[in-house]
Amino acid sequence: IYNKADVKNQDINWIEKRIQMEGLRLCTFSRIDREKGIDTAIEITTLIKKKTDIKVSLSIIGPIEKGYEESFWRLIKDSDSERIKYVGAVPSAAAVETLKDYDVLLFPTHWKTEGFPGTFIDAMAAGLLVFATDRMNFRDIVKDGYNGWLIDEWSVDTYVHKIMQLVQKPELLLKMKHNAVMEAGKYDAVLVLRTVMEDLRR
C-alpha cells in the first residue's frame, strides 16, 4: 500500500555531497496554523540562515487553516528567505512518496493535547528524522538521538543546535535515517488501516 524509503543505497559519501550541494532539507507536514508551530518552523530556518553558513531549506506542506492565510503569507514574506516555500496540500495517500524528498520533519506544535501523530509514521517510513515538541503521546515513537529528538516547547535554539549537528556529522544523519525506517516498520498495521479507512470514506 505504501513504499518505505530505500535508505540502504544512501552511503556517507552520497549524504555528504548532497548536503554540501543542496543543504539539509526540512519540512512541515500538517494543517497550517499558529498552534501547529508553523511560525516556529520558519523562525528556526531563518535563525540558521542568520547565525550560520549552513544551508537549509524549509518546505511547508498542508492546507492553510481558514483565517490564518494573511498571517501565514506575511510570515513567509517577512522571513526574506528564498529557501522557505509553501508546497501546498498533499493527500494522505501520497504522504510517504512526498516526504522522501526531505531529511527532517519539524513538528514544533503548541497544542497541549496532540493525538496519535500519524504524520510521524509517514515521515519515518520516508526516511525522515522527526524533531518535535516534547509531548507525552510522542515519546513511544520518537526516541532522542535514535530517530529524532523531542524538544522543549519554544526552544528554538535547541532545534538549531540539533540541525547543525546533522550537517556537521552526516554519518549521524545517515544512521538516524536508517533507524527511522526501522522504527516505522513497527507501525505497518497502522498505516494500512488508515489507508483502508480513507478509501472507505471516498
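Colleague: Which helices each supply at least two residues of the lining of the largest pocket?

Modeller: This is a predicted model, to be clear. In it, α5 (118-125) and α8 (188-201) each supply at least two lining residues. With three residues, α5 gives the most to that lining.

Colleague: How much space lies in the largest pocket, and which residues are closest to its centre?

Modeller: The largest pocket holds about 320 Å³ of space. There are 21 lining residues, and Phe-29, Ser-30, Arg-31, Lys-36 and Thr-119 are the closest to the centre. By class, the lining has nine nonpolar, six polar and six charged residues.

Colleague: Why is the pair of Tyr-68 and Phe-72 called tilted?

Modeller: Look at the angle between the ring planes, which is 35 degrees. Stacked needs under 30 degrees and edge-to-face needs over 60, so a pair at 35 degrees is tilted. The ring centres are 6.4 Å apart, and the limit for pairing is 6.5 Å, so Tyr-68 and Phe-72 do count as a pair.

Colleague: What makes Phe-107 and Phe-120 edge-to-face?

Modeller: Their planes are at 90 degrees, and over 60 counts as edge-to-face. Centre to centre, the rings of Phe-107 and Phe-120 are 5.1 Å apart. Phe-107 sits in strand β4 (residues 104-107) and Phe-120 in helix α5, so this pair ties together parts that are 13 residues apart in sequence. Both Phe-107 and Phe-120 are buried.

Colleague: How do you know whether Tyr-68 is buried or exposed?

Modeller: The relative accessible area of Tyr-68 is 5%, and the cut-off for buried is under 20%, so Tyr-68 is buried. Phe-72 is at 0%, so by that cut-off Phe-72 counts as buried too. Tyr-68 and Phe-72 also belong to one aromatic cluster with Trp-73 and Tyr-86. In total, the structure holds eight aromatic pairs.

Colleague: What about Thr-28: why does this residue count as buried?

Modeller: Thr-28 has 2% relative accessibility, which is under 20%, so the label is buried. This residue lies in strand β1 (residues 24-29). Leaving out residues up to four places away in sequence, Thr-28 touches Ile-38, Ala-41, Leu-58, Ser-59, Ile-60, Ile-61, Leu-105 and Leu-106.

Colleague: And Trp-154, what makes this residue exposed?

Modeller: Exposed takes over 50%, and Trp-154 has a relative accessible area of 58%, so Trp-154 is exposed. You'll find Trp-154 in the loop between β6 (148-151) and α6 (156-168). Trp-154 also has a positive phi of about 70 degrees although it is not a glycine. For background, most residues other than glycine have a negative phi.

Colleague: Which residues touch the most other members of the largest nonpolar core?

Modeller: Leu-24, Ile-60, Leu-106, Phe-131, Ile-163 and Leu-166 do, in a core of 34 residues. Among the residues touched by Leu-166 are Ile-19, Val-104, Trp-149 and Met-176, not counting residues up to four places away in sequence. A second, separate core has 25 residues, including Ala-95, Ala-123, Met-124 and Leu-150.

Colleague: How many helices and strands are there in the protein chain, and how much of the chain is buried?

Modeller: The protein chain has eight helices and six strands. From the N terminus the order is α-β-α-β-α-β-α-β-α-β-β-α-α-α. Of the 202 residues, 52% count as buried. As for contacts with a separation of 6 or more, 77% come from residues 24 or more positions apart.

Conventions
Residues are numbered from 1 along each chain as its sequence is written. This is a predicted model: local features need pLDDT of at least 70, side-chain atom pairs count only at pLDDT 80 or more; totals for chains, interfaces and linings use all residues. Side-chain values use heavy atoms; hydrogens and water are left out. On a 1 Å grid over the protein atoms alone, a cavity is a set of points where a 1.4 Å probe fits but cannot get out, and a pocket is an open set with protein on both sides within 12 Å along at least five of seven lines; lining residues have an atom within 4 Å of a point. Grid points are joined across faces, edges and corners, and a volume is the space filled by probe spheres set on the points. Helices (H or I, at least four residues) and strands (E, at least two) are DSSP runs, numbered from the N terminus. Ala, Val, Leu, Ile, Met, Phe, Trp, Tyr, Cys and Pro count as nonpolar, Asp, Glu, Lys and Arg as charged, and the others, Gly among them, as polar. A nonpolar core is a set of buried Ala, Val, Leu, Ile, Met, Phe, Trp, Tyr and Cys residues joined through side-chain atoms within 4.5 Å. Buried means under 20% relative accessible area, exposed over 50%, partly exposed in between (1.4 Å probe, protein chains only). Contact means heavy atoms within 4.5 Å. Rings of Phe, Tyr and Trp (its six-membered ring) pair if their centres lie within 6.5 Å; planes under 30 degrees apart count as stacked, over 60 as edge-to-face and the rest as tilted.
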